[in-house]
Amino acid sequence: MLAEIDIGGVFVAPITVYAVCAIPMTLLIRFLLQRSGLAQWFWHLSLFDIALYAGMLSLLVRYA
(Lines give C-alpha, C1' and ligand atoms only; values in the text may rest on other atoms or scores of the structure.)
Protein backbone atom coordinates (compact mmCIF):
# COMPACT_ATOMS: atom_id res chain seq x y z
CA MET A 1 0.00 0.00 0.00
CA LEU A 2 1.29 3.44 -0.90
CA ALA A 3 1.63 5.81 2.03
CA GLU A 4 3.32 9.14 2.57
CA ILE A 5 7.01 9.01 3.39
CA ASP A 6 8.37 11.14 6.22
CA ILE A 7 11.60 12.94 5.25
CA GLY A 8 12.80 15.28 7.96
CA GLY A 9 9.28 15.90 9.27
CA VAL A 10 7.89 16.61 5.81
CA PHE A 11 5.46 14.15 4.30
CA VAL A 12 6.32 13.39 0.68
CA ALA A 13 4.12 11.58 -1.82
CA PRO A 14 5.53 8.17 -2.80
CA ILE A 15 5.44 9.03 -6.52
CA THR A 16 8.04 11.72 -5.82
CA VAL A 17 10.41 9.22 -4.26
CA TYR A 18 9.81 6.75 -7.09
CA ALA A 19 10.43 9.47 -9.68
CA VAL A 20 13.77 10.37 -8.09
CA CYS A 21 14.78 6.69 -7.86
CA ALA A 22 13.92 6.10 -11.52
CA ILE A 23 16.46 8.70 -12.70
CA PRO A 24 19.66 6.76 -11.81
CA MET A 25 18.16 3.55 -13.19
CA THR A 26 17.40 5.29 -16.48
CA LEU A 27 20.86 6.84 -16.64
CA LEU A 28 22.51 3.49 -16.00
CA ILE A 29 20.57 1.73 -18.75
CA ARG A 30 21.22 4.62 -21.14
CA PHE A 31 24.95 4.47 -20.35
CA LEU A 32 25.04 0.72 -20.96
CA LEU A 33 23.20 1.12 -24.27
CA GLN A 34 25.64 3.79 -25.43
CA ARG A 35 28.71 1.78 -24.41
CA SER A 36 27.45 -1.34 -26.17
CA GLY A 37 26.61 0.55 -29.35
CA LEU A 38 22.92 -0.33 -29.28
CA ALA A 39 21.88 3.30 -28.87
CA GLN A 40 22.59 3.99 -32.54
CA TRP A 41 19.63 1.80 -33.53
CA PHE A 42 17.08 4.18 -32.01
CA TRP A 43 15.56 6.68 -34.39
CA HIS A 44 15.09 9.49 -31.87
CA LEU A 45 17.22 9.05 -28.77
CA SER A 46 15.46 11.77 -26.78
CA LEU A 47 12.08 10.11 -27.24
CA PHE A 48 13.61 6.80 -26.22
CA ASP A 49 15.04 8.39 -23.06
CA ILE A 50 11.61 9.68 -22.06
CA ALA A 51 10.01 6.31 -22.80
CA LEU A 52 12.73 4.53 -20.84
CA TYR A 53 12.21 6.83 -17.87
CA ALA A 54 8.44 6.32 -17.99
CA GLY A 55 8.95 2.57 -18.14
CA MET A 56 11.33 2.57 -15.18
CA LEU A 57 8.94 4.76 -13.19
CA SER A 58 5.98 2.52 -13.93
CA LEU A 59 7.97 -0.59 -12.94
CA LEU A 60 8.96 1.05 -9.65
CA VAL A 61 5.38 2.05 -8.89
CA ARG A 62 4.11 -1.40 -9.79
CA TYR A 63 6.65 -3.57 -7.99
CA ALA A 64 8.09 -1.44 -5.18
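Mentor: Contact here means heavy atoms within 4.5 Å, and by that rule residues 24 or more positions apart account for 50% of the contacts in the chain with a separation of 6 or more. The model is predicted, so that local features need pLDDT of at least 70 and side-chain atom pairs count only at pLDDT 80 or more, while totals for chains, interfaces and linings use all residues. Residues are numbered from 1 along each chain as its sequence is written, and side-chain values use heavy atoms, with hydrogens and water left out.

Trainee: Which pattern does the chain follow along the sequence?

Mentor: Helices (H or I, at least four residues) and strands (E, at least two) are DSSP runs, numbered from the N terminus; read in that way, the chain follows β-β-α-α, with two helices and two strands.

Trainee: How are two packed helices described?

Mentor: They are described by the angle between their axes and the distance between the axes. Axes are lines fitted to C-alpha atoms, for helices over the stretch in contact, with angles from 0 to 180 degrees between N-to-C directions. Here the axes of α1 (residues 14–36) and α2 (residues 45–63) come within 8 Å and cross at roughly 130 degrees. Angles under 35 degrees count as roughly parallel, over 145 as roughly antiparallel, 65 to 115 as roughly perpendicular and the rest as oblique, and α1 and α2 are therefore oblique to each other.

Trainee: Which residues of α1 and α2 meet?

Mentor: Among them are I15, Y18 and L33 in α1, and F48, L52 and V61 in α2.

Trainee: How much of the chain do buried residues make up?

Mentor: Buried means under 20% relative accessible area (1.4 Å probe, protein chains only), and such residues make up 20% of the 64 in the chain.

Methods
Buried < 20%, exposed > 50% of the residue type's maximum accessible area, 1.4 Å probe, protein only.
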